[in-house]
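Trainee: Could we walk through this model together, one fold element at a time?

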Amino acid sequence: MSYHKPEAKTVQDLKDLAQKLRIHSITSTQASKSGHPTSCASLAEIMSVLFFQQLRLNIKHPRDPSSDRFILSKGHAAPILYAAWAEAGLFPIEDLNNLRKIDSDLEGHPTPRLNFIDVGTGSLGQGVAVGAGMAYVGKNFDKADYRTYVVVGDGESAEGSVWESLHFAGHYGLDNLCVIFDVNRLGQSEATSLQHKLDVYRDRLEAFGFNALVVDGHDVEELCKAFHCATVTKSKPTAIIAKTFKGKDFPNIEDLDNWHGKPLGDKADEVIKHLKGLIVNSKVQMTPKSVGKDGMAPNVDISNVQLDSPPKYKLGDSVATRLAYGTALAKIGKNNDRVIALDGDTKNSTFSDKLKAIFPERYIECFIAEQNLVGVAVGAACRRRTVAFVSTFATFFTRAFDQIRMGAISQTNVNFVGSHCGCSIGEDGPSQMGLEDVAMFRTIPGSTIFYPSDAVSTERAVELAANTKGVCFIRTSRPNTSVIYDNDESFTIGKGKVVRQKSSDEVLLIGAGITLYECLAAAEQLEKSCITARVIDPFTVKPLDVELIIEQGKQCGGRVVVVEDHYQQGGLGEAVLSALAGERNFVVKHLFVPTVPRSGPPTVLIDMFGISARHVVTAVNEILKL
């Protein structure tokens, strides 16, 4: 498709709209007495060309699955994004003056409280990963014509996560992805490391497999041509490296330091007057392109995802919950063709490779780049296009905590599965042991944390997670554990199971994963001493079955022992302590991994670090003396 230069009137209209966007950015930040008008100003022509010459949008339904995607990774430039949508006709321009007000969803950085925002941005370095996830889905699953555009600030391009994502996009040849670098030279407190060394940006991006184009970011015609080139380039993504100036066209402010994140104050009127003088047609109006009827995204249904067949185990079978996860993932994959798996080169340990074995096209290898792994999954789940399951060793999710946190802000429904939790993994040593993961995921707003103890409960946890809103985390273990539930046992989020009880029980034991079996073993030993103990499997740590714990705890005289293969802070024990904080006449003993473990056999480590059945017995004897 050959390039047709836009008509002179169109070029002038786009220039005029760019100035209007600058003015809106000033007036809205003046009204809120905060914000980033200079960061918006460097983007004005880019946003004008994107919104009124390039993007194909459905203004009535901004999240139309067939419309183009746009992510403002440099989320602090939100005012100009809001201004572009207002100029496009989505909402009245007067509403822009509600920026950052408590009763307005035009927040300081974009969130999906707004119907035209897919993901929250502003924690820098994450937009490219999300965009890559969207583009991957569009190219490989939807097989649709929509394109994805991501605007990245030059300051945030110092983030390693950006380059993880660029590598992913280049590796998979995502030619429906266009990343625009707003190279305005200035960061928050000083100039960026590369400033205007555009050749360095170009060389790096070409090395990462991009079609890299250097343009004057304030030249409308150059931008139009670059976006056209991106559209017709095949087999590789495009990066537009736009040389811009912070505070562009703001007299005595343009390209000057110390203006980041500041409204213009008493300079605003003078700057607005100057900008109005640059506009040829003050009544200019343009309409974004509409979504075409060809190449539309297919209708998909990701509701009521079920296991293709029920669990099929025998009581007493010895099966690792990580293996049961892979089995369940394959089963729900058979039930719904929008179930996908993403992994960080641990698929033969997490057993996500079980989905790949039967549906290789629905497995996305993200390699050892966990921040990108999470971001791609968030993007893949946007607009309800997929049911995404992300797996790696539980401890490796810690390096992607910010991406997970932003996923919650983005109202994502991604499911995370962390294997190799606790010191029970054995000889690999502490760098591989997930001992902070439950604490991390418990802090995520709206999250659900499954901690299944056997294969049957694991399969049901996967099925439930596939249908649960918000961030879900399934904690799976490396060692084999015995199947203790019948195949037809039903499980519910927030409902635990009493797995051992007698009317004479004197103490309540609570464990999950491998420590549930330590509790059961301890109960057997205690009974030899004429002490009977009740045992609970919580199934979910969040929400915790508070009613069950209180009820069963009272029946056991208010004596509770909690055992977990996790550090003290933030795990199952503290969840139980929090649940009982408002109750009288309870005493709780909490057994946990007290310090950094070491390499060794799993059973030796469990005992060495105080969470074995022997230590449970000791704790029970101590609590009975109180």
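Predicted model: local features only at pLDDT ≥ 70, side-chain atom pairs only at ≥ 80, totals over all residues.

Mentor: Residues are numbered from 1 along each chain as its sequence is written, and side-chain values use heavy atoms, leaving out hydrogens and water.

Trainee: Which strands stand at the edges of the open sheet of 5 strands?

Mentor: Strands are DSSP E runs of at least two residues, helices H or I runs of at least four, numbered from the N terminus, and two strands pair if DSSP finds at least two bridges between them. The order is β16-β18-β17-β20-β21, with mixed pairing.

Trainee: Which residue in β18 does I510 stand opposite?

Mentor: Strands β17 (507–511) and β18 (533–537) pair in the parallel sense over 4 bridges. Opposite I510 stands I536.

Trainee: Which strands does helix α18 touch?

Mentor: Contact means heavy atoms within 4.5 Å. Helix α18 (546–555) packs on the sheet, touching β16, β17, β18 and β20.

Trainee: Which residues have the most contacts inside the largest nonpolar core?

Mentor: Such a core joins buried (under 20% relative accessible area, 1.4 Å probe, protein chains only) Ala, Val, Leu, Ile, Met, Phe, Trp, Tyr and Cys residues through side-chain atoms within 4.5 Å. The largest has 81 residues, and those with the most contacts inside it are L342 and F416.

Note on methods
Axes fitted to C-alpha atoms, helices over the stretch in contact; angles between N-to-C directions. Buried < 20%, exposed > 50% of the residue type's maximum accessible area, 1.4 Å probe, protein only.
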